[in-house]
Amino acid sequence: MLRSTLVAVVTLTLYLLDSVEDELELSAVRHRPEGLEQLEAQTRFSRKELQILYRGFKNECPSGVVNEDTFKEIYSQFFPQGDASTYAHFLFNAFDTDHNGSVSFEDFVMGLSILLRGTVQEKLNWAFNLYDINKDGYITKEEMLDIIKSIYDMMGKCTYPILKEETPRQHVEIFFQKMDKNRDGVVTIDEFIDCCQNDENIMRSMQLFENVI
Amino acid sequence: MAAGVAAWLPFARAAAIGWMPVANLPMPVAPTNKNKHQDELIILNVSGRRFQTWRNTLDRYPDTLLGSSEKEFFFNEETREYFFDRDPDVFRSILNFYRTGKLHYPRYECISAYDEELAFFGIIPEIISDCCYEEYKDRKRENTERLMDDLEDNKDSKLPNMTFRETMWRAFENPHTSTMALVFYYVTGFFIAISVITNVVETVPCGSTPNQRDIPCGERYTEAFFCMDTACVMIFTVEYLMRLFAAPSRYRFMRSVMSIIDVVAILPYYIGLVMTNNEDVSGAFVTLRVFRVFRIFKFSRHSQGLRILGYTLKSCASELGFLLFSLTMAIIIFATVMFYAEKGSSSSKFTSIPASFWYTIVTMTTLGYGDMVPKTIAGKIFGSICSLSGVLVIALPVPVIVSNFSRIYHQNQRADKRRAQKVQKARLARMRISKSGSSTAFLHSKRNGLNQSLELTLPYYKMKLSPQGSLEEDQQMKKTTSLLESQHHHLLHCLEKTTNHEFVDERLYEQGYLQTALQNFPSRSPSLSSEEGITGTCCSRRTKKNMQPLSATHTHSHTHNLQELSALHIQCGEQQPLNTSRSSLNLMSDESGSLNCKSSGLVTTAIISIPTPPSNNSRASPDAPPPPNPDAPPLPNPGTDVVKISAL
């Protein structure tokens with residue numbers, strides 16, 4: 001009993017003195033994208049544009065894939081006043097088409113190709129996919145509420161007018177009033193695309209980011 | 001904006017398409033890339049060594065030399081490259097900053113050379129990343145101290161305009177500054193020594209009278225010792241009062257350790273004076289004499305090492321505490337064991353566990369007086385284990401304390417620890433400012449009305465409402481925001497439109513919050529009246545009329561543009577804000593002068609918000625001059641209206 005006490009005392013002391021614990025970082029997953037020609041064929045970007053995109057991508061994520069935390073961090077840097085992590089989460093799921101928990105350069109560039117060079121139909125499709133959190137083909141009010149709340153979260157606290165509790169909910173109501181034609185409480189892809197194509201504001205704003213790259 | 005992720009801005013903007021179907025307002029126009037050239041390599045020739053990088057890489061940090069147009073000054077037409085006549089080695093780390101977003105400080109570089117290069121290229125040292133920042137700060141601190149020491153050596157004479165009090169304080173703190181101070185220093189040291197020696201000698205038995213017992217000197221030569229004591233206490237009292245007088249902050253001085261020691265050293269004497277010839281308390285009086293030994297601590301003013309020792313003990317409090325705790329644990333364990341082991345033997349000294357404590361302590365510290373020894377075999381075995389483990393338990397925390405002492409000793413050679421903390425706070429504050437610069441940049445550009453020119457649906461409203469003279473200002477301001485920044489601002493602007501809320505800065509948010517809190521209006525015509533809060537400029541997108549900014553005040557009459565009204569129409573279910581927004585046509589209000597209106601920059605001291613009632617009847621003519629500042633008369637509105645004056 002004494003010896004065990006002694007050993008306990010000594011180990012306790014040694015542990016307390018040994019403050020530095022090296023934790024070996026598990027080596028990162030590495031991923032190399034497909035060749036330039038293949039990507040050129042699959043997306044609507046030119047060779048030069050793909051080069052620029054890849055350089056930026058690789059700079060920020062040397063391992064070649066983005067995991068969700070890095071994604072959130074990067075996206076949050078553009079919105080310093082608010083909390084962009086929830087919306088980034090939804091975005092991540094929208095970009096991560098094969099749902100493997102990480103966004104590779106191919107996923108990234110395919111998503112961008114749709115967003116920047118796609119037809120209006122494709123863009124609206126993409127947006128629908130973003131809103132449909134559980135990917136069941138219907139947008140329910142709860143899903144929409146989550147999305148809209150996350151967008152409002154990005155504004156942060158210091159807004160004018162002051163953000164009230166019911167503002168996101170009202171926003172959802174307006175959205176559903178506009179989109180849900182048959183009043184069944186969900187928005188399907190056809191209702192969505194139909195309605196957006198009839199709204200000229202939305203049409204115009206879809207063309208907004210043509211010249212981003 | 002966080003320039004490190006500038007490459008991802010296109011992605012963020014593309015992702016903004018996700019907001020479009022949700023938004024109810026039209027989006028602003030995107031800024032166009034006027035000089036759209038393909039990304040090109042540029043050559044930076046630094047003293048003959050050529051570096052090459054993409055132009056976009058340098059554009060990430062537009063407020064540095066290389067990222068702004070300032071580098072055009074260094075462009076060499078014949079060789080088509082940028083030539084800098086600077087150190088190429090340091091330039092390597094500077095260029096890496098653009099590439100990776102992290103600034104490293106190479107250890108082999110001289111600190112002042114590095115600082116100069118950073119200053120030349122317009123990079124603030126606070127961005128140095130955490131891996132190298134400690135080293136940088138340490139070197140910088142050493143350097144400044146070295147410079148200061150050199151300065152101080154040259155600065156012998158006292159400053160001409162120091163008051164007598166300041167001179168005295170300086171003399172007390174640094175005895176080397178003047179001869180008088182040195183004399184004082186040695187005199188007090190001498191008297192401390194005298195006092196301590198007196199206390200010691202007082203108890204020595206000297207001389208024997210015909211009685212059996214030797215009496216101590218103190219009782220033999222009572223008056224002599226008393227005179228000596230009085231003299232010392234006089235000197236100490238005078239010294240203490242002089243220090244108290246000279247101290248710049250008397251309260252802080254009285255709380256400091258040294259002054260407490262001073263007081264404790266002289267107090268017993270005075271207490272003794274008061275309580276003499278009272279047999280009851282003479283016992284207590286004798287105890288008080290013990291405190292006279294505190295006078296020896298006064299030596300710590302004279303010895304740097306003693307101060308450091310005291311400081312070490314204070315800072316190693318946790319290690320000392322651990323030592324104490326482990327010792328206590330071991331003592332209790334061993335004492336218990338010894339007690340039960342020796343219980344059997346007769347006439348054993350181990351009468352109880354507390355009695356065994358003494359044995360355990362003496363054994364563990366390897367003193368071994370021998371007044372208590374175990375007699376049974378079991379007792380002897382456990383006793384030897386006790387002494388072996390004692391060595392270990394005591395030996396282990398001691399190196400920690402020793403290393404702490406040496407570290408602090410070395411540290412004390414350099415700067416004060418407190419200064420380092422202040423610097424760290426300042427650094428964090430500066431980094432926070434530069435990070436928040438992104439959001440304030442957006443708000444700033446909003447105020448300057450740059451966003452206003454990006455409205456999609458403004459064909460029938462005038463673009464610029466301010467007088468012609470400021471048009472050029474606007475264009476200049478447009479140039480200074482880089483393309484990256486304007487794209488980022490466009491993105492934030494889209495978000496505002498999507499949510500139909502605006503970004504404001506903290507101050508104005510609090511004002512708005514306060515006003516809504518104060519509002520006790522059932523119809524809740526609230527923060528609309530505080531809407532002036534943010535965009536007070538003449539050119540804000542709310543104002544669509546020809547306003548002449550007044551010279552005396554900067555009150556503006558606000559109207560909502562029809563577009564906004566229609567938007568509100570769609571959006572909200574409540575009618576009240578809509579009506580009040582209409583009736584805010586009547587609204588003449590002042591706003592806080594903190595807003596940067598182009599016409600004037602006066603600062604008011606109050607915000608008067610006059611909420612309007614729900615029903616809108618009269619339409620004041622838009623050209624009616626707004627009322628002057630704080631004494632704005634209440635508008636002729638019927639019903640319940642509350643004129644709130646919130647002072648800033």
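This is a predicted model: local features need pLDDT of at least 70, side-chain atom pairs count only at pLDDT 80 or more; totals for chains, interfaces and linings use all residues.
Which residue stands opposite B:N76 in β4(B)? The residue is B:E81.

Start with the strands of chain B. Strand β3 (residues 75-76) pairs with β4(B) in the antiparallel sense, over 2 bridges. The two strands form a hairpin with 4 residues between them. In this hairpin B:R80 takes a positive phi, near 55 degrees. Strand β4 (residues 81-84) of chain B has another partner, strand β1 (residues 41-46) of chain B. Here the strands run parallel, and 3 bridges join them. Across this pairing, B:L44 stands opposite B:Y82 in β4(B). So β4(B) pairs with β3(B) in the antiparallel sense and with β1(B) in the parallel sense, each pairing resting on at least two bridges.

Now turn to charge. Side chains of opposite charge can pair when their charged atoms come close. Over all chains, the count comes to 26 salt bridges.

The side chains of A:E49 and A:R117 meet in a salt bridge, with 3.1 Å from N to O. This pair links distant parts of the chain, 68 residues apart. A:E49 belongs to helix α3 (residues 47-60) of chain A, and A:R117 to helix α6 (residues 105-117) of chain A. How exposed are the two partners? A:E49 counts as buried because its relative accessibility is 16%, under the 20% limit. A:R117 counts as partly exposed, at 26% relative accessibility.

A second salt bridge in chain A joins A:K141 to A:E173. Their closest N and O atoms are 3.6 Å apart. A:K141 is partly exposed, with a relative accessible area of 33%. A:E173 is partly exposed too, at 36%.

Move to chain B. B:R301 forms a salt bridge with B:D262, the closest N and O atoms being 3.2 Å apart. The partners sit 39 residues apart and link distant parts of the chain. B:R301 is in the loop between α12 (282-290) and α13 (304-315) of chain B, while B:D262 is in helix α11 (residues 257-274) of chain B. B:R301 is buried, with a relative accessible area of 18%. B:D262 is buried as well, at 2%.

B:S348 is found in the loop between α14 (317-342) and α15 (353-364) of chain B. Is B:S348 buried or exposed? B:S348 is buried, because its relative accessible area is 17%, under the 20% limit. A polar atom of the B:S348 side chain lies 3.1 Å from the backbone nitrogen of B:F350.

Which residues make the nonpolar surface patch of about 250 Å²? They are B:I197, B:V200 and B:V201. Of these, B:V200 has its place in helix α7 (residues 179-202) of chain B.

Note on methods. Residues are numbered from 1 along each chain as its sequence is written. Chains are lettered from A and ligands numbered from 1 in the order in which they are written. Side-chain values use heavy atoms; hydrogens and water are left out. A salt bridge is a side-chain nitrogen of Lys or Arg within 4 Å of a carboxyl oxygen of Asp or Glu. Buried means under 20% relative accessible area, exposed over 50%, partly exposed in between (1.4 Å probe, protein chains only). Patches are made of residues with over 30% relative accessible area and no salt bridge: like charges are joined within 9 Å, nonpolar side chains (Val, Leu, Ile, Met, Phe, Trp, Tyr) within 5 Å. Accessible areas come from the Shrake-Rupley method with a 1.4 Å probe; for residues, only the protein chains shown count as cover. A polar contact is a pair of N or O atoms within 3.5 Å; within protein, one must be able to donate a hydrogen and the other to accept it, and residues adjacent in sequence count only if both atoms are side-chain atoms.
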